[in-house]
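Trainee: I am new to this structure. Can we go through the terms used for it, one at a time?

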Amino acid sequence: MVLPMPRQVAIVPHTHWDREWYRPFQTFRLRLVDVLDGLLPRLADGSAGDHFMLDGQMAAVDDYLEVRP
């Protein structure tokens, strides 16, 4: 009997932001700010891991920095 090779799995914490998908833009922007306000300190202290992906969207970073320069 041949045993299968072990698999390596990568878990990528991420989020995706559609700015005006089903709620007004400002509603999504405030939700983004809430998420990042909670996430950034956890990334800094290591409790959220080492990486987080914003789905490759610079618009999310721009939107956050508009509120939290």
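This is a predicted model: local features need pLDDT of at least 70, side-chain atom pairs count only at pLDDT 80 or more; totals for chains, interfaces and linings use all residues.

Trainee: What makes helix 1 roughly perpendicular to helix 2?

Mentor: Start with the geometry. The axes of helix 1 (residues 25-45) and helix 2 (residues 58-67) cross at roughly 85 degrees. They come within 9 Å. Angles of 65 to 115 degrees count as roughly perpendicular. The crossing angle falls in that range, so helix 1 is roughly perpendicular to helix 2.

Trainee: Why give an angle and a distance together?

Mentor: Because two packed helices are described by the angle between their axes and the distance between the axes.

Trainee: Which residues of helix 1 and helix 2 meet?

Mentor: From helix 1 come Phe-25, Arg-29, Leu-32, Val-33, Leu-36, Asp-37 and Leu-40. From helix 2 come Ala-60, Asp-63, Tyr-64, Glu-66 and Val-67. By class, this contact has eight nonpolar residues, four charged ones and no polar ones.

Trainee: What comes just after helix 1?

Mentor: Gly-46, with a positive phi of about 90 degrees.

Trainee: Which residues of helix 1 are buried?

Mentor: Phe-25, Phe-28, Arg-29, Leu-32, Val-33, Leu-36 and Leu-39. Helix 2 is part of what covers them.

Trainee: How do you know that Phe-28 counts as buried?

Mentor: Buried means under 20% relative accessible area. Phe-28 has 8%, so Phe-28 counts as buried.

Trainee: And why is Tyr-22 called partly exposed?

Mentor: The relative accessible area of Tyr-22 is 49%. Exposed begins over 50%, and buried is under 20%. Tyr-22 lies in between, so Tyr-22 is partly exposed.

Trainee: How many aromatic pairs does a search of the whole structure find?

Mentor: Two.

Trainee: What makes the pair of Trp-17 and Phe-28 edge-to-face?

Mentor: Their ring planes stand at 85 degrees.

Trainee: What kind of aromatic pair do Tyr-22 and Phe-28 form?

Mentor: Edge-to-face again. The planes are at 85 degrees, and the centres lie 5.4 Å apart. Trp-17, Tyr-22 and Phe-28 form one aromatic cluster.

Trainee: What does Arg-31 touch?

Mentor: Beyond residues up to four places away in sequence, Arg-31 touches Trp-17, Tyr-22 and Arg-23. The place of Arg-31 is in helix 1.

Trainee: Why is Arg-31 called partly exposed?

Mentor: Its relative accessible area is 37%. That is between the 20% and 50% limits, so Arg-31 is partly exposed.

Trainee: Is Asp-63 buried or exposed?

Mentor: Asp-63 has 5% relative accessibility, under the 20% limit, so Asp-63 counts as buried. Asp-63 is found in helix 2. Apart from neighbours within four places in sequence, Asp-63 is in contact with Arg-19, Phe-25, Arg-29 and Leu-32.

Trainee: Where does Pro-13 lie, and what is Pro-13 in contact with?

Mentor: Pro-13 lies in the segment before helix 1. Leaving aside neighbours within four places, its contacts are His-51, Phe-52 and Met-53. The C-alpha atoms of Pro-13 and Ala-48 are separated by 9.0 Å, though the two residues are 35 apart along the chain.

Trainee: What makes Ile-11 exposed?

Mentor: Exposed means over 50% relative accessible area. Ile-11 has 76%, so Ile-11 is exposed. Ile-11 is also found in the segment before helix 1. From Ile-11 to Leu-65 is 27 Å, C-alpha to C-alpha.

Technical notes:
Residues are numbered from 1 along each chain as its sequence is written. Side-chain values use heavy atoms; hydrogens and water are left out. Axes are lines fitted to C-alpha atoms, for helices over the stretch in contact, and angles run from 0 to 180 degrees between N-to-C directions. Helices (H or I, at least four residues) and strands (E, at least two) are DSSP runs, numbered from the N terminus. Angles under 35 degrees count as roughly parallel, over 145 as roughly antiparallel, 65 to 115 as roughly perpendicular and the rest as oblique. Contact means heavy atoms within 4.5 Å. Ala, Val, Leu, Ile, Met, Phe, Trp, Tyr, Cys and Pro count as nonpolar, Asp, Glu, Lys and Arg as charged, and the others, Gly among them, as polar. Buried means under 20% relative accessible area, exposed over 50%, partly exposed in between (1.4 Å probe, protein chains only). Rings of Phe, Tyr and Trp (its six-membered ring) pair if their centres lie within 6.5 Å; planes under 30 degrees apart count as stacked, over 60 as edge-to-face and the rest as tilted.
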